[in-house]
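Thanks for coming. I will go through the contacts in this model, part by part, and keep it brief.

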Amino acid sequence: MILDGKAPTGRIEESWDKHRFELKLVNPANKRKYKVLVVGTGLAGASAAASLGELGYNVEAFCYQDSPRRAHSIAAQGGINAAKNYPNDGDSIYRLFYDTIKGGDFRAREADVWRLAQVSNNIIDQCVAQGVPFARDYAGYLDTRSFGGAQVSRTFYARGQTGQQLLLGAYTALSRQIKAGSVKLFPRTEMLDLVVVDGEAKGITVRDLVTGEIRTHVGDAVVLATGGYVNVFYLSTNAMGCSVTAIWKAAKKGAYFANPCFTQIHPTCIPQAGDYQSKLTLMSESLRNDGRVWVPKKKEDCNKPPNEIGEDDRDYYLERKYPTFGNLAPRDISSRAAKEACDDGRGVGPGGRGVYLDFAASIKRLGENVIRERYGNLFEMYERITDEDGYKQPMRIYPAPHYSMGGLWVDYNLMSNIPGLFVLGEANFSVHGANRLGASALMQGLADGYFVIPYTIGGYLAAAKPGKVKPDHAECLKSIADVQETEKKLLGVNGKRTVTEFMRELGSLMWNNVGMGRSEASLTEAIQKIPAIREEFWKNVKVSGGGMETNQQLENAGRTADFFEFSELLARDALHRNESCGGHFREEYQYPDGEAKRDDANFCYVAAWELKGAGQEPELHKEPLKFENVHLAVRSYK
Amino acid sequence: MSAQASGHGTMNIKLIVWRQAGPDKPGNFETYEAKGITPHHSFLEMLDVVNEDLIKQGKDPITFDHDCREGICGTCSAVVNGVPHGGQKRTTLCQLHMRKFKDGDSIYLEPWRARAFPIIRDLMVDRGALDRLIQAAGWISCHTGGVPDGNSTPIAKRDADYAMDAAECIGCGACVAACPNGAAMLFGGAKVAQYAALPQGQVEAPERVAAMIQAMAENGFGNCSNHYECQAACPKGIDVKFITRLNREFYKALVLDKVGATPPKKS
Ligand SMILES: Cc1cc2nc3c(=O)[nH]c(=O)nc-3n(C[C@H](O)[C@H](O)[C@H](O)COP(=O)(O)OP(=O)(O)OC[C@H]3O[C@@H](n4cnc5c(N)ncnc54)[C@H](O)[C@@H]3O)c2cc1C
Ligand code: SF4
Ligand code: FES
């Protein structure tokens with residue numbers, strides 16, 4: 001089937017304004033009759049719930065953490081983009097739009113990206129009004145910096161904790177609505193199923209993570225803002241609880257999953273230290289503004305202390321290969337270059353899986369106090385984890401899974417193919433194409449939540465009768481029974497291996513075969529091996545404790561079971577896409593100099609997968625992408 | 001990579017952990033052995049090792065709160081040898097590493113203990129009371145949309161920096177756990193001070209501080225008697241000067257006759 005993204009036609013500059021005007025409005029007096037279920041309280045979910053509550057809708061908000069403020073958006077360090085052009089350095093909505101399309105390697109929908117660039121400026125205003133303490137210059141104006149992949153300074157930041165400050169802004173807005181009674185909050189509550197009635201999304205089934213109670217919440221629309229899925233690689237920069245569960249359950253109920261193979265590997269993470277490791281820590285890529293990336297030219301030098309390796313014996317490979325962008329080359333390119341250097345036997349640190357990020361030159365030029373002021377907390381974090389002092393010796397970094405560009409398919413209204421199911425933030429596939437630029441995920445989350453969904457959800461609700469489905473509807477009861485059945489199965493296996501052991505095994509298969517470099521052979525192997533590990537999981541996993549209690553093993557087991565199903569789709573999508581683009585690098589498709597070889601003739605589309613049930617191959621639907629404002633061109637950062 | 005390969009030996013640690021099956025169940029300390037721990041294990045990774053062992057023995061693993069494991073979400077929370085987060089300066093429990101311990105050490109592990117934080121299970125507590133403080137008034141009322149340009153009001157860098165110093169709070173609740181009175185003055189003070197320092201926060205400043213103080217009492221938090229244990233335990237280095245600021249804002253509100261509640265008690 002050919003999918004229609006319902007992007008407005010006509011001049012792109014006017015597309016959002018025109019569309020907003022054409023959307024139906026819900027009568028203010030009727031709004032409170034509509035219940036909207038918002039799953040997720042990260043930037044996307046909290047901003048959506050707060051804004052919808054403020055408009056008068058009757059909102060219920062859910063998160064698995066004990067507080068909405070702990071969503072993984074909190075961990076974003078670097079900053080948020082906006083086309084304000086405050087520094088007068090040539091930025092504009094058009095340039096942000098252009099950079100995002102190009103950065104995404106031409107695999108995103110133009111109109112959606114335009115809208116994002118357009119509302120980016122409102123986001124900054126909104127956050128300032130909320131009391132977000134952005135960095136300021138000495139005159140008291142907002143400060144900006146430049147970030148990976150951009151030649152203008154458009155990234156606003158709050159020390160090294162931008163995500164935290166933006167999330168706390170959204171969280172306070174949400175708290176205000178909770179006090180006002182328009183939003184009801186359900187923390188420590190995990191969505192485990194989507195309820196679809198007559199083809200429309202009308203509820204969710206959740207487990208209370210404290211008591212173990214399983215129940216259904218019904219509503220007139222469901223908004224999923226449940227974040228990304230790169231924990232499918234086990235070790236990633238995501239929080240321990242991040243999972244694909246919410247969107248995967250929706251996919252099993254018919255929502256199309258778009259571009260699952262578009263995952264981002266972040267170049268600047270602290271390398272893995274041992275097998276016991278539970279997660280990887282990101283070092284903000286703003287560090288690349290002042291740090292220089294290098295490896296020894298000679299393999300023999302890899303075990304020498306870095307300070308004993310002379311200038312001439314160092315290979316500043318990003319500066320060498322990409323003279324224009326140098327150390328600021330986009331993430332996918334930087335990550336791959338690091339892997340190449342290490343594959344070449346010139347990596348440093350444990351297992352030879354690391355490259356240096358060196359601040360010596362900047363410290364000499366600017367002084368240690370300037371570097372400390374800019375990145376002090378990052379240096380501290382590095383030292384706490386590695387016991388090494390980044391001011392005295394270069395840091396060691398290595399790429400790690402970080403972000404998922406793929407997600408549930410949505411149209412221009414952020415509605416999935418299931419009417420009434422909206423998907424926001426990292427959980428949808430919409431604007432980043434095959435690669436996301438730094439500081440653009442925070443922008444997208446808040447754009448979706450503050451400035452898009454409040455309009456587009458009205459277009460759906462205006463035509464829907466409120467309160468159509470009651471909790472005793474047959475579909476609700478069936479959903480509860482299904483969730484209980486899965487739980488019973490997980491608790492009943494009583495095998496010999498722990499959930500973590502299985503997740504580690506799946507993760508390392510995914511990282512080795514479906515990670516930074518993918519080939520037909522590695523992907524085919526993964527697709528063969530995943531079902532076998534999955535089967536073993538269902539025969540041999542050990543989950544202690546019961547269902548009607550706080551049981552973290554059970555939570556992990558459920559998330560892991562979903563990763564076992566989802567991982568296969570991810571590998572299939574990667575295998576079907578016979579091209580390299582953005583974060584998807586197929587070893588067969590590269591130019592002689594190692595650059596990604598995109599195939600616009602055959603793959604200029606969004607791949608949206610429809611699940612057909614256990615044991616059945618998923619069906620591929622395509623949404624062709626048209627580029628009318630930015631011309632398809634080879635993405636070059638040389 | 002083995003610990004040997006990284007040039008360190010492994011350690012065995014004795015863990016004495018508070019176990020409590022549910023909010024209304026009795027609790028007690030149990031002793032476990034954490035074996036083969038390297039200096040590079042984080043504290044929570046050490047607990048993972050113990051839990052994997054317990055699961056294999058068919059026992060219930062230790063329930064503990066955690067999520068980001070990088071010191072920013074504020075979820076991790078346990079008292080280590082009497083000190084919330086374990087006592088390394090500006091370090092959350094998840095960022096504490098086992099290189100701070102040595103082979104043969106005994107470690108006592110307990111949940112946050114405070115009237116406002118009921119125990120859910122083992123080391124996991126209910127910190128909803130902190131959210132309720134923010135819900136009471138910890139915001140600046142602005143509608144989505146319809147706000148002025150971000151640069152329309154310059155804010156002195158020193159004020160923005162001061163607000164940011166306060167805003168770094170991760171809402172972990174260690175300050176409450178450390179306080180002999182179970183007060184949330186550092187947490188609350190940080191929020192009040194952040195907004196009081198910014199022009200956007202002025203309009204509602206008196207009402208905000210009054211409502212937050214009242215909410216503290218309603219949610220089971222104690223009063224401040226200037227022990228400053230909170231600052232010592234805070235993993236983000238939040239300064240007690242923000243408590244002073246809260247008090248000042250409160251008296252300002254009192255003078256403006258914006259306060260229904262009684263002033264915060266001083267010892
Ligand atoms: C370490 C790190 C640094 C980053 N730095 C930057 C940066 O500098 N700039 C930038 O632009 N982007 C950055 N990003 C990316 C960005 O932070 C995220 O993409 C973005 O914050 C995601 O927001 P979200 O609202 O979509 O999801 P999240 O913030 O992940 O929120 C997900 C929410 O969904 C809930 N949830 C999930 N599953 C369920 C379920 N089954 N049931 C109930 N609730 C559920 C969770 O409880 C949570 O509330 C960074 C990411 C990481 C990991
Ligand atoms: S003030 Fe410090 S100790 Fe208290 S909640 Fe905030 S970060 Fe935690
Ligand atoms: S787990 Fe997030 S701060 Fe410790």
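In chain A, 11 residues of domain 1 are in contact with 10 residues of domain 2, where contact means heavy atoms within 4.5 Å. This is a predicted model, in which local features need pLDDT of at least 70, side-chain atom pairs count only at pLDDT 80 or more, and totals for chains, interfaces and linings use all residues. Residues are numbered from 1 along each chain as its sequence is written, chains are lettered from A and ligands numbered from 1 in the order in which they are written, and side-chain values use heavy atoms, with hydrogens and water left out.

The two domains of chain A are 266-402 and 478-624; such bounds come from an automatic or database domain assignment. Their C-alpha centres lie 30 Å apart. The area buried between domain 1 and domain 2 of chain A is about 830 Å², with 57% from carbon and sulfur atoms. Buried area here is the accessible area (1.4 Å probe) that two parts lose on being put together, summed over both. On the domain 1 side, Asp332(A), Arg336(A) and Lys339(A) lose the most area to domain 2, together 50% of what that side buries.

How many salt bridges cross between domain 1 and domain 2 of chain A? The rule finds zero, a salt bridge being a side-chain nitrogen of Lys or Arg within 4 Å of a carboxyl oxygen of Asp or Glu. There is one residue pair in polar contact across that interface, both at pLDDT 80 or more. A polar contact is a pair of N or O atoms within 3.5 Å; within protein, one must be able to donate a hydrogen and the other to accept it, and residues adjacent in sequence count only if both atoms are side-chain atoms.

The elements giving two or more residues to the domain 1 side in chain A are helix H8 (331-343) and strand E16 (395-404). Helices (H or I, at least four residues) and strands (E, at least two) are DSSP runs, numbered from the N terminus. H8(A) supplies the largest share of that side, four residues.

Next, the two chains. Here 76 residues of chain B are in contact with 80 residues of chain A. The area buried between the chains is about 6,600 Å², and carbon and sulfur atoms give 49% of that area. The rule finds 11 salt bridges between chain B and chain A. Glu70(B) and Lys279(A) form a salt bridge, with the closest N and O atoms 2.6 Å apart. H3(B) gives the most to the chain B side, with seven residues.

Within chain B, domain 1 is 11-121 and domain 2 is 128-141 + 148-255.

Last, ligand 2. The residues around ligand 2 (a heavy atom within 4 Å) include Cys169(B), Cys172(B), Cys175(B) and Cys234(B).
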